[in-house]
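Welcome! Have a look at the structure below, and then let us walk through some of its features together.

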Amino acid sequence: MAVKVYVVFYSTYGHVAKLSEEIKKGAASVEGVEVKIWQVPEILSDEVLGKMGAPPKTDAPIITPQELAEADGILFGFPTRFGMMAAQMKAFFDATGGLWREQSLAGKPAGIFYSTGTQGGGQETTPLTAVTQLTHHGMVFVPVGYTFGAKMFGMDSVQGGSPYGAGTFAGDGSRWPTEAELEHAFHQGKYFAGIAKRLKGGSA
């Protein structure tokens, strides 16, 4: 049977959504892996989103907490809010109490990717604080580490991402993921899918 990897994200302005597409491509490049992208429900009204200048949502289906249990591995993506995950993703995790009670996600691998506004805006604190959600569910956190190689050490340009996972800087919203950041996201998807496949009993 194919290994099911879910890419579950929240994106206000589209930066995390862009990363999620590359994550999906990377995971899908591993033989025997099926990948599906989902987005979590929005909790802000259309009126508020309009005032924020947020663009329309992508056409990715809205996931319910119960659907998480169908996956063999899950990559969660979200923007930061003051150094932690956005409230939309936290609200989604808060709705997973039933899964927690049954420990339905225990033992499943999980990864994290993210977007921040500035260089000091949470490239490490955002994924670090998110690990608590995975821990209470008994999930196996799979950081990308330094498996992306030399490109993680580049100092000639601003670059998002960390050993925790792929990332990007949104700035004032006009900056989009760079080629290097997208490559990091692709690599994370591929690396994660290989781990999920091995954990399910296959060979990557």
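## Two loop residues with positive phi

Gln103 sits in the loop that joins α4 (97–102) to β5; helices (H or I, at least four residues) and strands (E, at least two) are DSSP runs, numbered from the N terminus. Its phi is near 50°, a positive value in a residue other than glycine. Most residues other than glycine have a negative phi. With a relative accessible area of 34%, Gln103 is partly exposed; buried means under 20% relative accessible area, exposed over 50%, and partly exposed in between (1.4 Å probe, protein chains only).

Phe82 also has a positive phi, near 55°. You will find Phe82 in the loop between β3 and β4 (84–85). Phe82 counts as exposed because its relative accessible area is 87%.

## About the model

This is a predicted model, in which local features need pLDDT of at least 70 and side-chain atom pairs count only at pLDDT 80 or more, while totals for chains, interfaces and linings use all residues. Residues are numbered from 1 along each chain as its sequence is written, and side-chain values use heavy atoms, with hydrogens and water left out.

## The nonpolar cores

A nonpolar core is a set of buried Ala, Val, Leu, Ile, Met, Phe, Trp, Tyr and Cys residues joined through side-chain atoms within 4.5 Å. The largest one has 25 residues, and those touching the most other members are Val8, Ile63, Leu68, Ile74, Phe76 and Met89. At least two residues of this core come from each of β1 (3–9), β3 (73–81), α3 (87–94), β5 (109–116) and α5 (125–136). Apart from it lies another core of 24 residues, including Val7, Val30, Ala60 and Ala193.

What is Ile63 in contact with, leaving aside its neighbours within four places in sequence? Its partners are Tyr6, Val8, Trp38, Gln39, Val40, Pro41, Leu68 and Phe92, where contact means heavy atoms within 4.5 Å.

## Aromatic pairs

Rings of Phe, Tyr and Trp (its six-membered ring) pair if their centres lie within 6.5 Å; planes under 30 degrees apart count as stacked, over 60 as edge-to-face and the rest as tilted. By this rule there are four aromatic pairs. One of them is the tilted pair of Phe76 and Phe93, at 4.9 Å centre to centre with 50° between the planes. This pair links distant parts of the chain, as Phe76 is in strand β3 and Phe93 in helix α3, 17 residues apart. Both Phe76 and Phe93 are buried, and ring pairs link Phe76, Phe92 and Phe93 into a cluster.

Tyr146 and Phe153 make a stacked pair, with 5.3 Å centre to centre and 20° between the planes. Here Tyr146 is partly exposed because its relative accessibility is 48%, whereas Phe153, with a relative accessible area of 55%, is exposed.

## Around Ala180

Ala180 belongs to helix α6 (residues 179–200). At 23% relative accessibility, Ala180 counts as partly exposed. Its contacts, leaving aside neighbours within four places in sequence, are Phe148 and Gln159. The C-alpha atoms of Ala180 and Met152 are separated by 9.0 Å, and the two residues are 28 residues apart along the chain.

## Met52

To finish, Met52 is located in helix α2 (residues 46–52). Its relative accessibility is 33%, so Met52 counts as partly exposed.
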